[in-house]
Amino acid sequence: MNIIYITGADYNYFFSTIILLQAFKEYCPNRKLWVCDFGLNKDQQNLLSQAGCLLRKPDTLQESMHPWIYKSSMIHYLKNITFDFIVWLDSDAFIVGPFADEVENVISEFSLYKDSIAICQGKKGKNWNIASPKENIKYFNIPPGYPYYNSGIWIIRSQKVLEEWAKQIEAVPKKGMFEQDTFNYLLYKYNIDIYPLKNDKWNVTHDSLNMLQINEDGSFSINKEQVLIVHLTGKFDLLKISIGSYIGVIRTIDNLHVKKRQIQLLQRWMSA
């Protein structure tokens with residue numbers, strides 16, 4: 001069983017990606033996290049290439065497109081990689097627990113299904129009629145009460161969904177979270193089996209970020225349940241970072257323990 005872990009970033013998300021890579025290295029030993037080039041600059045490409053984790057932009061994709069179009073086209077980045085399951089993580093997320101072990105536990109429960117996905121439901125909008133702009137609701141013609149899922153972290157076994165995502169993304173209305181809306185549409189269209197993941201364990205976002213607690217062993221939890229992924233969406237601050245010739249920003253929140261962990265991960269990567 002071949003499980004591929006993957007993220008993607010442009011130059012704006014470089015430092016966030018470094019934080020994710022270091023966290024993955026520490027919490028998911030003996031696994032590899034690939035990074036798709038969504039518009040990195042040359043220095044950033046070189047650093048990630050030297051680390052052996054860069055998936056360069058395929059020649060079939062145009063330059064300077066929206067990062068969400070590249071994300072939706074990830075199947076093209078994987079053309080030379082064999083996989084059974086794809087595990088996607090947005091690059092503004094980072095790992096704070098035994099993520100890969102938990103991924104493998106989930107896969108063991110639904111790996112017999114040909115087309116299936118493990119994913120969290122949307123936190124702010126749990127249904128189409130709440131989560132999506134009216135243009136997208138009309139375009140995709142999905143029942144308003146149909147569940148809406150967050151495309152930031154997921155585990156999938158479905159070649160056809162990934163192929164169709166790449167085919168359809170350029171034609172859809174570029175309103176709201178259009179890549180996420182398209183992904184949801186394909187889950188609906190192909191009646192993909194859904195394995196629900198708990199938001200406050202697998203994909204802590206928005207208001208739940210304020211609920212994060214740090215434990216004596218350095219792990220994070222919400223309501224005494226261990227957290228695996230902190231995903232910096234919703235309300236956040238931008239923190240300017242300067243390390244050597246690399247200058248940029250990262251998203252962070254008003255939680256000293258989260259901010260400290262981000263800086264520590266970044267420093268450990270750059271000093272390695």
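How many strands does the open sheet have, and in what order do they run? Let's find out by walking through this predicted model.

Before you click, a word on ground rules. Residues are numbered from 1 along each chain as its sequence is written, and side-chain values use heavy atoms, leaving out hydrogens and water. Because the model is predicted, local features need pLDDT of at least 70 and side-chain atom pairs count only at pLDDT 80 or more, while totals for chains, interfaces and linings use all residues.

**Stop 1: the sheet**

Colour the strands in the order S3-S2-S1-S4-S7-S6-S8: this is an open sheet of seven strands with mixed pairing. Strands here are DSSP E runs of at least two residues and helices are H or I runs of at least four, numbered from the N terminus; two strands pair if DSSP finds at least two bridges between them. At the edges you will find S3 (54-55) and S8 (193-197), each pairing on one side only.

Next, select S6 (residues 116-121), which runs antiparallel to S7 and is joined to S7 by six bridges. Show Ile 117 and you will see Ile 156 of S7 opposite.

**Stop 2: a hairpin**

Move on to S13 (residues 237-243) and S14 (residues 246-252), an antiparallel pair joined by seven bridges. Asp 237 sits opposite Thr 252 of S14. Two residues lie between the strands of this hairpin, and Gly 244 takes a positive phi near 60°.

**Stop 3: H1 and its partners**

Select H1 (residues 14-27) with H2 (residues 42-50): their axes come within 12 Å and cross at roughly 10°. Axes are lines fitted to C-alpha atoms, for helices over the stretch in contact, and angles run from 0 to 180 degrees between N-to-C directions. H1 is therefore roughly parallel to H2, given that angles under 35 degrees count as roughly parallel, over 145 as roughly antiparallel, 65 to 115 as roughly perpendicular and the rest as oblique. Show Phe 14, Ile 18 and Leu 21 of H1, which meet Gln 44, Leu 47 and Leu 48 of H2.

**Stop 4**

Which residues line the largest cavity? Select Ser 16, Ile 19, Leu 20, Ser 91, Asp 92, Ala 93, Phe 94, Leu 232, Arg 251 and Gln 262. H1 gives the most to this lining, with three residues. The volume of the cavity is about 40 Å³.

Finally, turn to the largest pocket, with about 600 Å³ of space. Of its 29 lining residues, Trp 68, Asp 90, Met 177, Glu 179 and Thr 233 lie nearest the centre. S1 (3-10), H3 (67-72), S7 (149-157) and H9 (178-189) each give two or more residues to the lining.

On a 1 Å grid over the protein atoms alone, a cavity is a set of points where a 1.4 Å probe fits but cannot get out, and a pocket is an open set with protein on both sides within 12 Å along at least five of seven lines; lining residues have an atom within 4 Å of a point. Grid points are joined across faces, edges and corners, and a volume is the space filled by probe spheres set on the points.

Technical notes: Contact means heavy atoms within 4.5 Å.
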